Amino acid sequence: MEQKPLAKQTHEDVVSNPKTDELAQNREDGYGQFLTTNQGLRVNDDQNSLKDGDRGPTLLEDFLLREKITHFDHERIPERVIHARGVGAHGYFEAYGNATDLTRAAFLQPGAVTPIFARFSTVAGSRGSSDMARDVRGFAVKFYTEEGIYDFVGNDIPVFFIQDAIKFPDLIHAVKPEPHNEIPQAASAHDTFYDFISITPESMHMLLWVMSDRGLPRSLRMMEGFGVHTYRLINAEGKSRFVKFHWKPKQGVHSVAWEEAQQISGNDPDFHRRDLWSCIESGAYPEWELGVQVIEEEDEMKFGFDILDATKLIPEELVPVQMLGKMVLNRNVDNYFAETEQVAFCLSHVVPGINFSNDPLLQGRLFSYLDTQLKRLGGPNFHEIPINRSLAPIHNGQRDGHMRQTINKGNVAYGPNLLNDNFPKQAKQSEGGFVSNHTRVDAAKIRRRSKSFIDFYSQAKLFWNSQTEIEKLHIVKALRFELGHVQTLDVRMRTVLQLAQVDHDLAHRVAEGLGMSIPAVNGTQLNLNVPADANPADYQSGPAKPTVENSAALSISADSPANADKKDIKTRQIAILATDGADVAAISELMKTLMEAGAQTAIVATHLGTIKGKDGQEIMANWTFQSTSSVLFDAVYVAGGVHSVQMLVQDTDAVRFVQDAFKHCKPIAASAEGADLLKAATHPSATDIVGAEGVVVDTGNMVNKLAPQFIQAIAHHRFWGRELKAAQKMEAILAEAVN
Ligand code: HDE
């Protein structure tokens, strides 16, 4: 068989062996169709264990029973200590061919196409928790390059809670469920987490990101990815530059409302996983562009903050992102455990042309990932598991260990050797050999944080400044929610004190919701993340003074750069509310138009099966108001038809469907009598749904007139102004009451 060029091979082409397609085997002419033991013995009776008489005790001799049950007993491996809940997919990375001056990495050179495997995850929840927790999302990509494996292990948030890896176990112990009762699941802990961060001020920047809409992605396909640390790219001449990595989704960046996220967790804990899976199955392949911000070595110190500090980002206003290629996810896994669970990402998996900076968080991670895989996957041969295998051939003297798959031949497993012609030999740089970046280190061995890291609030303020009014409101509400769950008043108070260092208005609004005022600053309370013999004053940050006042790239509102040129409605889920008596002709016309625009539609009715329309036409219902919920859709359309709408108005679940969609600021449309359901759903305290922004009503039942406006509204994603209006109304009433 002719070999495909390496760059064009999928991972599957190369790593073919232990994959078993049971269905395909069944179709084969004979041998493969029988049930066997793991030794290949054909099984005659898989229904009954071997007993001493048909009512007697089971015999130890029953090796069939023992093999099956023993294997079952050992099915689980330790879940990841963090990022346990994840979902993965295969795809490819295509270089744009413009990176040659920046890096010698082969997968970034012109024409290179590289198979990849991506895994997205939540951080705090365990494997069986919900996708929709307010949390950071992991964003990890394994590149099977011709020069070996390159693992990108990033997050959907560009900064981190802590500056030094030595604090990581503390952070995770504080954020995971509290150890005495393992509560709360799929959320950051309350008293312990806020206790820790309220005296670890460097965490304020990331805290605001997690409390913002970024903590609740609408889809994994609609979030950015970041390398977080500063890395280095090194070109063929050996020139090194600092870089920050970015992934920008072609689908735009969108979030859901907090109440919606909570409801989704109940309705469909697999919401993100299902979304990614079904989009890939339907051919709507998600794409991200990989970009870098490049900083020349001589500019390392010019920013007014330290680029080695992982609690800082580099505003795109200072250094724009240049795109180097794109990733497309186009194939779901065949087996979750074999691929998504067993994939092992390690920061130390790099290729020539990519190198590390001295960021102390990054340096600690370089140790942690290999260490954790040894435990999780049971030994040093995890690189032989198919999903982890390099496409580049492996030759070295490493031997044996648990579950070794490779059968190394010969007697030479060392180097240098002459018995085997000094094979395998070291590669020169020109032959693709990896060379660590040459940097001069001339300093005392010391346990100390650089003074340039002692700026804890500037970028938290930059992030706060860069949010729109509604995004700010969401942050305030999120903090009120989280701190409202903290039982220890002192912890609430300390967190508000920290917020006040970032922005007075932010702290004041959070405090108001907690029924407290901003406490007076007590310097020693601000930072306990200080060595025993250090002078606490050396660890106190000055006031928040951002280098850049405002960065548009940090907002994800409809008009932000993240969404500016992304106005299509591909993959959006539209609920069509209709039941017997509905205008099926209009429904069919609208469905056709929406689907042509790339959206997916589902009929939600009072019963499953056939809906008999007013004009004699019929259509099948996909869901009922009991089996689905408004929170699982992006937009809602209420079809016309007197009897259909009369019934829906009587159905409290149908009314709530519209109310929820309105409350979560989603686009809503109605034709003819359909508007009556919107009226029935209007809460007495709210603005009328008909006439509100993002609501398209056509009383004349002209679907062709309504459709373009509805599509435009769906592309806008959410009309958060509704929520802002309601909040402003309440504030005005409160102001009157207090005066
Ligand atoms: Fe991780 N992290 N991490 N992390 N991390 C793990 O490795 C660790 C950090 C990230 O889909 C673990 O295989 C330390 C930052 C992702 O399999 C573990 C420190 C960022 C994933 C580990 C950090 C990440 C992990 C747990 C601070 C964003 C999931 C299971 C020094 C840049 C990868 C595992 C996947 C997983 C350690 C901080 C991203 C224990 C010690 C910062 C996306 O090794």
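Here are a few friendly notes on a predicted model, starting with the ligand and moving on to a sheet.

1. Let's begin with the ligand's surroundings. A shell of 23 residues surrounds the ligand, and the closest are R80, R119, G154, Y369 and Q373. By type, the shell divides into 11 nonpolar, nine polar and three charged residues.

2. Which elements supply at least two residues each to this shell? They are β3 (137-145), β4 (148-155) and α10 (360-376). Helix α10 gives the largest share, with six residues.

3. For R365, a side-chain N or O atom is 3.4 Å from a ligand nitrogen.

4. Now to the sheet, which is open, has six strands and runs in the order β15-β12-β11-β16-β17-β18 with parallel pairing. Its edge strands, β15 (623-624) and β18 (695-698), each pair on one side only.

5. Inside that order, β16 (635-638) and β17 (668-671) pair in the parallel sense over three bridges. Y637 has A669 in β17 as its bridge partner.

6. Helices pack on this sheet too. Helix α16 (584-596) touches β11 (573-577), β12 (600-605) and β16, and its direction makes about 150 degrees with that of β12. Helix α20 (703-716) touches β11, β16, β17 and β18, with its direction at about 180 degrees to that of β18.

Definitions and conventions
Residues are numbered from 1 along each chain as its sequence is written. This is a predicted model: local features need pLDDT of at least 70, side-chain atom pairs count only at pLDDT 80 or more; totals for chains, interfaces and linings use all residues. Side-chain values use heavy atoms; hydrogens and water are left out. A residue is near a molecule or strand if one of its heavy atoms lies within 4 Å of it. A polar contact is a pair of N or O atoms within 3.5 Å; within protein, one must be able to donate a hydrogen and the other to accept it, and residues adjacent in sequence count only if both atoms are side-chain atoms. Helices (H or I, at least four residues) and strands (E, at least two) are DSSP runs, numbered from the N terminus. Ala, Val, Leu, Ile, Met, Phe, Trp, Tyr, Cys and Pro count as nonpolar, Asp, Glu, Lys and Arg as charged, and the others, Gly among them, as polar. Two strands pair if DSSP finds at least two bridges between them. Contact means heavy atoms within 4.5 Å. Axes are lines fitted to C-alpha atoms, for helices over the stretch in contact, and angles run from 0 to 180 degrees between N-to-C directions.
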